[in-house]
Amino acid sequence: MATVEEIRQNADHRSMVRKIQKAYAFLLPTTAPLPTSLYTTGSLTDFSSTPGAISVGLVSPDGWTFAREIETEDINALGYGSPVRTDITTVPRSVTVTALESNRKEIQELKLGTVITETQDAATGEVVYDEPDLPNSKEYRLIVVGADGPADEEWIMGKGFPSVKLTGTGEEVWGQEGAVSQELTFSVFNDDETGAPVRHYLAGTGAVKYKDVLGYTQAV
């Protein structure tokens, strides 16, 4: 007869406990489809070479937060204390990050929802621009890629969003403690072609090494 410890050891897999140690992210123009793979000819794709790509750059140690809320509608029946039916009505999704390179032109344009055409003074380094009353935010594609583990057991985890739009900014604090940073919150929309709001990527030498534990069907 199997013991609790034996069942637990067979059911638990320590290799499946992952965290994100390093990450990068790019906002891409919506003129090209969302990538079907993070790789190009066997190597990770460098999205910085994509025309119009914006690197989010350094972010706070909190990293990236991917929120997914499920909102439901209950149907109640006479004489029953619990709903007899529950339907999912909406699943709003959002992505939040705190950018540390807040003074970069691309980040300022993203935050303010404007195009900065003013030039920088070569002698003083000064650039002066006005913030619009209402932002006119663009939609982008967003790719976030994280990594965990050593080279021979590296896990590559990614999320691709076919359409995001900046819909929230946190407070900007100028103080003695902490870097001047900018919290950015993006709302997520469905892809017009696939109808999907998020594309998930999982790869790396770790995914190859522990493929049996992962349980996915292997491509022929």
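**Glu109 to begin with.** I listed what Glu109 touches, leaving aside neighbours within four places in sequence, and found Thr114, Val115 and Ile116; contact here means heavy atoms within 4.5 Å. A polar atom of the Glu109 side chain lies 2.8 Å from the backbone nitrogen of Ile116. For a polar contact I took a pair of N or O atoms within 3.5 Å, one able to donate a hydrogen and the other to accept it, with residues adjacent in sequence counted only if both atoms are side-chain atoms. Glu109 sits in helix α2, residues 105-112. Its relative accessibility is 16%, so I noted Glu109 as buried (buried is under 20% relative accessible area, exposed over 50%, partly exposed in between, with a 1.4 Å probe and protein chains only).

**Ground rules.** I am reading a predicted model, in which local features need pLDDT of at least 70 and side-chain atom pairs pLDDT 80 or more, while totals for chains, interfaces and linings use all residues. Residues are numbered from 1 along each chain as its sequence is written, and side-chain values use heavy atoms, without hydrogens and water.

**Overall picture.** I counted four helices and twelve strands; these are DSSP runs numbered from the N terminus, helices being H or I of at least four residues and strands E of at least two. The radius of gyration is 22 Å, whereas a compact globule of 220 residues would come near 17 Å (taken over C-alpha atoms, with the globule rule 2.2 Å times the number of residues to the power 0.38). The C-alpha trace spans about 80 × 60 × 45 Å along its principal axes. Of the 220 residues, 29% count as buried.

**Cores.** Which residues have the most contacts inside the largest nonpolar core? They are Leu27, Trp64, Leu142, Val164 and Phe186, in a core of 19 residues. Strands β1, β8, β9, β10 and β11 each supply at least two residues of this core. By a nonpolar core I mean buried Ala, Val, Leu, Ile, Met, Phe, Trp, Tyr and Cys residues joined through side-chain atoms within 4.5 Å. Another core, of eleven residues, lies apart from it and includes Leu28, Leu38, Ala147 and Ile156. I also checked Leu142: beyond four places in sequence, its contacts include Phe26, Trp64, Lys159 and Phe161.

**Aromatic pairs.** My search of the whole structure gave four aromatic pairs (ring centres within 6.5 Å; planes under 30 degrees apart are stacked, over 60 edge-to-face, the rest tilted). Phe26 and Phe47 make a tilted pair, 6.4 Å centre to centre with 50 degrees between the planes. Phe26 is in strand β1 and Phe47 in the loop between β3 and β4, so this pair ties together parts 21 residues apart in sequence. Phe26 and Phe47 are both buried. Phe66 and Phe161 are stacked, because their centres are 5.9 Å apart and their planes at 20 degrees. That pair joins strand β5 to strand β10, across 95 residues. Phe161 is buried at 3% relative accessibility, while Phe66 is partly exposed at 34%. The charged end of Lys159 sits over the Phe66 ring, 5.3 Å from its centre; the test is NZ of Lys or CZ of Arg within 6 Å of the ring centre and within 35 degrees of the ring normal.

**A last stop.** Thr41 is not a glycine, yet has a positive phi of about 50 degrees. I found Thr41 in the loop between β2 and β3, exposed at 80% relative accessible area.

Terms used
Phe/Tyr/Trp six-rings, centres within 6.5 Å; stacked < 30°, edge-to-face > 60°.
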